[in-house]
Amino acid sequence: MRQSMSEPVRIGFYICHCGTNIAGVVDVDRVAKYVATLPNVVVSRNYKYMCSDPGQELIQQDIRENQLNRIVVAACSPLLHERTFRNATAKAGINPFCFQMVNIREHDAWVHTDKEEATTKAIALARAAIRRVPHHKPLEVKQVAVQPGVLVVGGGIAGIHAALTLADGGQKVYLVERDLTIGGHMARFDKTFPTLDCAACILTPKMSQVRAHPNITLWSYSEVVKVDGYVGNYRVTVKRKPRYIVEDLCTGCQECVEACVYRQPKFPDEFNVGLGLRKPVFLPFPQAVPAIVSIDPGTCRVFTHPNGCKQPCVTACGDRKAIDFSQKEELVEVTVGAVIVSTGFQIFDAKRVPYYGYGVYPNVYNALEVERLVNASGPTNGELVMRNGKRPKTVGIIHCVGSRDENTNRWCSRVCCLYSLKLAHLIKERTEAEVWNFYIDMRTPGKLMEEFYNRISGEGVHLVRGKVGDVYPDPADPEGQRLVLQAEDTLLGRVLKFPVDMVVLSIGLEPAADAQQVRRTLNMSCGSEGFFLERHPKLAPVSTCNDGIYLAGCCQGPKDIPDTVAQAGAAAAEAYALVTRGYVEQEPNTAYVVEEDCSGCKSCVPLCPYNAISFVEDKKKAAINEALCKGCGTCVASCPSGSIVQNLFEDQEIFSEIEGVLANE
Amino acid sequence: MAIVERNVTCPVDTTLETLLATPEGQQIMSCLQCGTCAGPCPYGEHMDYPPRQVINMLRRGLLDEVIASGSLLRCVACYACMAKCPRGIRLTDVLLPLVKEQTLANLPEMPGELQKSLENMLRYGNPMGESGRKRAAWTATAGVPVPLIAQAGRPVDVLWFVECYASFYPRGQAVSRAAAKLFHALGVDFAILGNDEKCAGECGRLTWESGLFESLAEYNVKVLAKYRFHRIVTGDSHALNAFHRRYPLAEHGWQAEHTVQLLARRLDELKPRLTKRLEAVVAYHDNCCLGRGLDCYDEPRALLTAIPGVKLVEMTHNRMNSLCCGGGGGGMWLDTYYKSKDMERLSERRVKEAVAAGASVLAVACPYELSRFEDAVKTLGHDKQMVVRDVVELLAESLEG
Amino acid sequence: MSEKAWEPRIVGFFCNWCTYTAADLAGVSRMKYAPNVRVIRLMCSGRVDPQFVLDAFARGADGVLIGGCHPGDCHYAEGNYKMLRRYHLLRRMLGDMGIEPERLRLEWISAAEGDKVKSVINDMVAKIKALGPLGLPVRFQTWDGELAADGHAGREEVRHG
Amino acid sequence: MAKPKVAFYWCASCGGCEEAVVDLAEDILGVVELVDIGFWPCAMDFKKADVEALPDQGIVATLLNGAIRTSEQEEMARLLRRKSQFLIAYGSCACTGGIPALANQFTREALFQFVFQDGPTNVNEAGTRPQPESIDDGHALKLPVIHEVVRSLDQVVDVDYYLPGCPPTPKLTKAAVAALVAGNLPPKGSTLAPDVALCDECPRKASKPTDLGFVEFKRPHQMLIDPQTCLLAQGIVCMGPATRGGCEALCIGGNMPCTGCFGATSRVRDQGAKILSSLAANVAPREDREIAQVLGGIPDPVGTFYRYGLAKSLLRKRVPKAE
């Protein structure tokens, strides 16, 4: 056996009760007594909370008093506490990698009910670890340098706040935004609950700061297409899509817009969710950042018309020469130490609930459209008029559209009840209409939110507990404009018909359309609903399973603006801590080729996704660059002559585990 | 949005007492009392206890009040509540029929029409009380041969389950003749059970009389198992619904589909032969069992638009939001009862929508609807401007020669 | 060992990033599933050496369950594909050796799919129960009964693979 | 002083290993000078009784070739073990079961059925099978019992050294004898061949690419094999990467792939599993259907990967179908 340690193996075994979490199902005493009978075991104990200070001290004391050189702890998942116990063993003077953890909580006590079976399983898993640890060898943690600079993907309020926080701390930030302007969904809102302050008033100054900040490089209308490398050293490729305007030369004067051959705006305006019109050359909205125009090749005559266009825009631009119809997509590369993902959400498509008539009846709107309609900078200058030009006298707001429903999205989007109340207030304020809110449960947790609910309900908004089941044109309305909302008022237990002029659908939030693509590019995980998965919901809420990649905002799950900003700050702090520390510790689970054993067959070389394995010509053997190896072990499993070894996962260690879980003792 | 789970898994002897212990019952416990079920219920406003409340009363052990109220006699088993339920609760499949069965059992006197049809089904195997020996009589005037499977002496591709209305009721027979003509035109290898067939029992199982259903289903399964065929095809959406939900199809390796599904699968062959122009504005009525029950919306529309001269229009309530004709769940035999309670006939509500949509033809794909809608068209005085036709009839009419 | 009815023994090789985490999630969610699987944690399903699978069978496993990230989602880019390819040939070889291929199962279970851990394990346990025990150690013992019992002293030193 | 005694014996084998000893040619004279041959039934007239008459450990070394598949072979193996100081498993069959162990893919009954009845050249209407004991013309006759399982030598008796190969090369044999005579032996249980895979000494090593990505596997009869290029690079399954060197790449020299007769290195528990892992991992496609198609080019994985090693493989023998 290679490098076998000469001293005899002395194992200490500890099984944790975890209160009653484990001890309630697993007979911890029996496990400890059994383990005590196994070879090499010197100490075998059970204790209430192994992860507590006294628990850790227990181990340390045993190490000192009984000359233990291997420690096995049976408790929760190693993904939770392996580090805790490694540190504890290291403090008592033995190498932290002479430790092995047995997962009898998540993988046993919590998932089984039969005590006998759970105890048998715990014994088998413990035995595997006891057989494994004699093969453990002392290993060293490696430090890898972290590059400065942070990439922030997504320029909504989350990305803006994270970028500014980092930049103010002196970090170089690259902010990538897929749209023409930063600002995200918040830029489209009118007022924000619960304080009813104007969204633009609080957001646009921050957008301007981004533009002006010397530490921030903003790449708008761009997408991250590739991320290579690892924590501290991410090589990022960003695709800059052509907007046919030279960014540095455009002054945002909009004289080209004025000069366009289309005298009047003609095309649906994306920023106003199709409720307004724009020209082919346009500024998304007055406070857009960057404050430069863009040309839409889908509508501009230069691209769409066989005979082209006289291009009066170019003339109007004159010497500034900012218009470039030949602009091509461009790739830029940058290396950063950390990445913050703040790619946001998309709204639920109300057409997926066909019986609410969205897209069928013109007087049915989704909530984002109404945000624009009540917004002073919106397509109607804040005048709430419907597509038929009329002011509604009665409005029905349906909560939970597409939410809490197995047919669509199962989750509660958290913000809809509150924004529905806000819209009810704004609609009443602007039109004095009667407003009916139909809700299932009124969910208004959080600071000042219940007060907000009280305030709005006191303003005379009708709150009906019951979800609308049918929307159809009122047969009594000769113009066919009015709609009937049929719903059970569940507090009355009666099905009622509510004729209204306008219907507002409070749609939920869902993962952005490109979430899966972003997830793959950054090697993250998703929950089953498609939002990015945090490493731990409580203990690592902005981290991901991929070190150095952090989450902020609604890409991680629906949340309101205060929570989004708080989370963005947390993500910025995590990234800042990583980048300023300057190094990361790497788990020593890398593989190495045993040179005298290797035949140089080269089978392993193409298997490494990180090109860590090379064939050394002068020796005619393979070699692994440990700095590049990430420790997956694929080459080890594939080496036909068994000449590659993975630290922490040596063949012998795993064979011992197999033996242990299957032994009949 | 579709009712994906079709097969009902709780045991056949499930009662209101044992329901909560079944998988379907566990879903009932997850009801969030949103009331989405009551909104689209066609008679919801006439119920003292709409579906949401039935659920809560069940959970609180107060169902006796619901049963005594008679609310569930107004349920027409249209799946409108179940299709929209955000928790996927099997209201129409499981809960409501059990409550309705108890409601009927506790009535001092059963509504006469319903009583009669029940007896007929038990005695004659059809609700009209016709002699079982006349079941295949319509084939004599079919114009094309309609083989009996017992006489075929070989496996056939399609076992055509004709069902009661399409066998005995004159308008239904016309639809059967049209279907036979289309099958011949397409060279479908089919046969019928003839006089051996009995009512599939859908209304029983799924709405109010489980014992009767068991005996009819058991009988039919036994008869079907004697023969070899690839698929069961029926024009009766209610029968099809019963097959999918409660007949042991998988056990016997049987498939079941609607006539319009079969025809739509072979539309490429059929289309070139639809040569006669019909010049009609057609509104298609999604019947509950085929639409919400079995998620089949596009096939009948594809067939209709294949007919030259047909312009398809949609009524306000269409597809999964369709309105029931009022015939399901025993409603077929409760018209007098509903009238006595001063409730609008649902068929009339529906015909008004078809007229409003500007239709000259109201197309259907369920044998109950022909009689119900034709009646409503006359009552409302629209018989000059609109007719009711089965999709199959329209196709046969357009068929060359 | 108790006199209880035979219960299958399944060895699980779960990748650290997806399936092992999913099993943790199943635990945190307090899902209940059959206790027959003993999980061995590896960093990647690509680390699963076919020797581990054969060794598990030879030591008495009735089934082996390998869990990795979904295709395209591997934490190490494509370790799971390497396992997928091995799995194809390994299953065929096991079949040729008279071991029902269903005894070896490869499942893609992402970190979010705690419920899939539960359903896969329950399903696999049910299927292996239907197949019955594989019991290679007992077979080896039975086979070696044909050797003469006398003479050779160092019997336990005799190597069987 | 008497010269040390050595013995040669064969069990289930083809005789090739005996030839290999003879292949030492004039060098065998050197061997004979150093040692006395105490038992070599293939070449000289010895009887079992001669061996039984020797004191225990009276033979310095026995080179035993062939697998163990009958009661007679087992009995002889035990006898020679007792009489020898060193028992050396000589050749692939003794080391790992060899070609005879491929019989472990079948039950004994299935083999009997074919060999004595169903085989196309058989005429055996009475269905006669060999009987361990029978009376013929008043004489009691005994035949060895054929075992259900074919075994390597060390699965029956304790083995001191392994000298693999089908057959072992003269060079390795000579080196082993020399070490034996000189008392210069490695630790017990060692294999007397290099512990590095064959590629190390393969003359075609340089022609192997570093980006294998199999899109097709071929068998030698399906193509004209380039005599210079690595066989794996040509899509031919070569066991070289998973097989000990020491054979001087003789098969490769004959333009045929290595079939694995030297067995795995000491670090590997199952040679077949290892080459399977390496080859499969290097298959190019990612989709199930295409992967299956490429791997379909290896129609008989057991026969290919365990040609000499089935007895010592982790699974040992095909699991018979439940009755």
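**Exercise 1. The interface of chain A and chain B**

How much area do chain A and chain B bury between them, and what percentage of it is on carbon and sulfur atoms?

Solution. The model is a predicted one.

Step 1. The two chains, A and B, bury about 2,000 Å² between them. Of this area, 50% is on carbon and sulfur atoms.

Step 2. On the side of chain A, A:Tyr355, A:Asn407 and A:Val495 supply 27% of the area buried against chain B, more than any other three residues.

Step 3. Counted by residues, the contact takes 26 from chain A and 27 from chain B.

**Exercise 2. Polar and charged pairs across the interface**

Solution. 

Step 1. Two salt bridges are counted between chain A and chain B. One of them joins the side chains of A:Glu488 and B:Arg52, with an N to O distance of 2.7 Å. This distance is within the 4 Å cut-off, so the pair counts as a salt bridge.

Step 2. Twelve residue pairs are in polar contact across the interface of chain A and chain B, both residues of each pair being at pLDDT 80 or more.

Step 3. Three strands of chain A, S24 (468-473), S25 (483-489) and S26 (494-500), each supply at least two residues of the side that touches chain B. The largest share, five residues, comes from S24(A).

Step 4. Sorted by class, this side of chain A has ten nonpolar, seven polar and nine charged residues.

**Exercise 3. The cysteines**

Which cysteines are joined by a disulfide, and is it right-handed or left-handed?

Solution. 

Step 1. A search of the whole structure gives one disulfide over all chains. The disulfide joins A:Cys198 to A:Cys201, at an S to S distance of 2.5 Å.

Step 2. The torsion about the S-S bond is about 90 degrees, so the disulfide of A:Cys198 and A:Cys201 is right-handed.

Step 3. A:Cys198 counts as partly exposed because its relative accessibility is 23%. A:Cys201, at 52%, counts as exposed.

Step 4. A:Cys639 is in no disulfide: the nearest cysteine sulfur, that of A:Cys601, is 6.1 Å away. A:Cys639 has a relative accessible area of 8% and is therefore buried.

Step 5. D:Cys258 is in no disulfide, and the nearest cysteine sulfur, that of D:Cys238, is 5.2 Å away. With a relative accessible area of 8%, D:Cys258 is buried.

Note on methods. Residues numbered from 1 in each chain as written. Chains lettered and ligands numbered in written order. Predicted model: local features only at pLDDT ≥ 70, side-chain atom pairs only at ≥ 80, totals over all residues. Heavy atoms only, no water. Contact = heavy atoms within 4.5 Å. Buried area = accessible area lost by both parts, 1.4 Å probe. Polar contact = N/O pair within 3.5 Å; in protein donor to acceptor, adjacent residues only side chain to side chain. Helix = DSSP H or I, 4+ residues; strand = E, 2+ residues; numbered from the N terminus. Nonpolar A, V, L, I, M, F, W, Y, C, P; charged D, E, K, R; others polar. Disulfide = S-S within 2.5 Å. Buried < 20%, exposed > 50% of the residue type's maximum accessible area, 1.4 Å probe, protein only.
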